[in-house]
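Please look over the structure below before reading on. The paragraphs that follow take up a few residues in turn and then turn to the chain as a whole.

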Amino acid sequence: RVIGEAIAAEPDLELAGTAINGLDALLKVEQLKPDVLTLDVEMPEMDGLTALRHLMARYPRPVIMVSSVTQAGAVATIRALNIGAVDFVTKPSGSISLDFHRVRAELVQKIRVAATARVTGGSSVVARRIEPSSHAPRPRQAPAAIAGRFDRLVVIGSSTGGPRALGTLVPDLRNDGHTAYLIVQHMPAGFTRSLAERLDSLSELSVREAQQGDRLAPGVALVAPGDFHLRVTSSGAIELDQSERLHGVRPSVDITLSSVAQYFGRLTVTSILTGMGVDGAAGAVAIHAAGGYVLAEDESTCVVYGMPRAVVEKGVADRLVPLDRMADAVSDALAMRPVAGVRS
């Protein structure tokens with residue numbers, strides 16, 4: 001009721017209907033054909049994840065998940081984003097009737113963004129990858145120590161639609177013994193660890209949430225923690241802070257790329273994936289000016305063609321690449337980077 005009232009109160013939004021559980025939601029979607037659906041993770045009779053799988057297979061459309069901030073809620077939310085949900089908001093920790101104003105503006109803005117999103121249904125490559133029963137773990141080399149030697153660096157930036165895009169790209173990246181990785185995904189605190197764990201289970205890279213003092217190392221992908229900006233030092237050490245948000249987000253891709261460009265620009269390949277807004281564009285300019293290589297996801301595979309478009313409009317995209325070919329493009333770009341032997 002509270003969510004419905006918030007939607008109905010917006011002049012540019014119309015509340016098509018409400019459902020009491022996942023099964024009811026599937027019936028209502030078939031009848032009402034809404035442009036966007038908000039879907040609770042926890043529901044009686046049919047939970048949100050089950051409903052989402054059916055929805056993506058039968059009536060694919062943009063979905064925003066409503067999740068709790070618990071660890072179990074974070075894990076379920078990451079699964080939902082990989083199945084095909086566009087974005088999520090977290091429930092207030094207290095009474096939703098009294099505390100909903102804290103997330104109301106966020107919800108209605110994300111509904112507006114979701115209405116422009118490109119959503120594909122059916123049995124997609126990503127959907128197959130995230131099912132444990134059908135995923136055969138890749139053989140993993142022993143990851144390098146967090147303090148070690150790296151020659152090249154890949155920085156991946158993403159926002160809306162990013163968790164699913166990362167679920168496609170990261171499993172196809174290889175541990176070549178020379179390349180360190182950073183991932184900056186717009187996401188609040190409490191969810192990036194679950195994202196990292198999910199990616200780690202799918203990849204031959206060692207993927208984990210970054211901590212203060214970690215160091216770049218080959219075969220290791222560090223994910224910027226939610227609500228913290230991530231910078232690197234000249235020695236490859238990770239510094240985290242909660243300084244002012246940039247473009248309204250924290251972590252910011254621009255902040256990470258700016259620090260990387262200062263010390264490792266010519267060794268760096270950056271890939272800007274799907275997302276709303278312009279975060280990553282200024283950082284891509286800095287990487288390009290420092291001699292690095294810039295890849296942007298092609299509009300044809302973006303959920304939201306915002307961040308990659310901003311990079312293209314800056315004139316610094318060396319290649320525009322569909323998501324399913326991005327791993328090969330990263331590999332090709334790395335082959336062109338000098339071998340520096342940075343001791344971190």
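Leaving aside its neighbours within four places in sequence, with which residues is Ser300 in contact? In this predicted model, the residues that Ser300 contacts beyond those neighbours are Arg118 and Pro322. Arg118 and Ser300 are 182 residues apart along the chain, yet their C-alpha atoms are separated by 8.9 Å. Ser300 itself sits in the loop that runs between strand S12 (293-297) and helix H12 (307-313). The side chain of Ser300 also makes a polar contact of 2.6 Å with the side chain of Asp298. Ser300 counts as partly exposed because its relative accessibility is 46%, a value between the limits of 20% and 50%.

With a relative accessible area of 0%, Thr77 is buried. Not counting residues up to four places away in sequence, Thr77 touches Val41, Ser67, Phe88 and Phe191. With one of these, Ser67, there is a polar contact of 2.7 Å between side chains.

Arg152 takes the reader to a strand, S5, which covers residues 152-158. Is this arginine buried or exposed? Arg152 counts as buried because its relative accessibility is 10%, and the cut-off for burial is under 20%. The side chain of Arg152 is joined to that of Asp176 by a polar contact of 3.4 Å.

Helix H9, made up of residues 192-202, can be considered as a whole element. Of its 11 residues, 8 are buried, and the helix is mostly covered. The buried residues of H9 include the leucines Leu195, Leu199 and Leu202, together with Ala196. Thr192, Ser194, Arg198 and Asp200 are also buried in this helix. An α-helix has 3.6 residues a turn, so residues three or four places apart point the same way.

The chain has 344 residues, and buried residues make up 57% of them. Among contacts between residues at least 6 apart in sequence, 72% join residues at least 24 apart. The chain exposes about 14,200 Å², of which carbon and sulfur atoms supply 51%.

Conventions:
Residues are numbered from 1 along each chain as its sequence is written. This is a predicted model: local features need pLDDT of at least 70, side-chain atom pairs count only at pLDDT 80 or more; totals for chains, interfaces and linings use all residues. Side-chain values use heavy atoms; hydrogens and water are left out. Helices (H or I, at least four residues) and strands (E, at least two) are DSSP runs, numbered from the N terminus. Buried means under 20% relative accessible area, exposed over 50%, partly exposed in between (1.4 Å probe, protein chains only). A polar contact is a pair of N or O atoms within 3.5 Å; within protein, one must be able to donate a hydrogen and the other to accept it, and residues adjacent in sequence count only if both atoms are side-chain atoms. Contact means heavy atoms within 4.5 Å. Accessible areas come from the Shrake-Rupley method with a 1.4 Å probe; for residues, only the protein chains shown count as cover.
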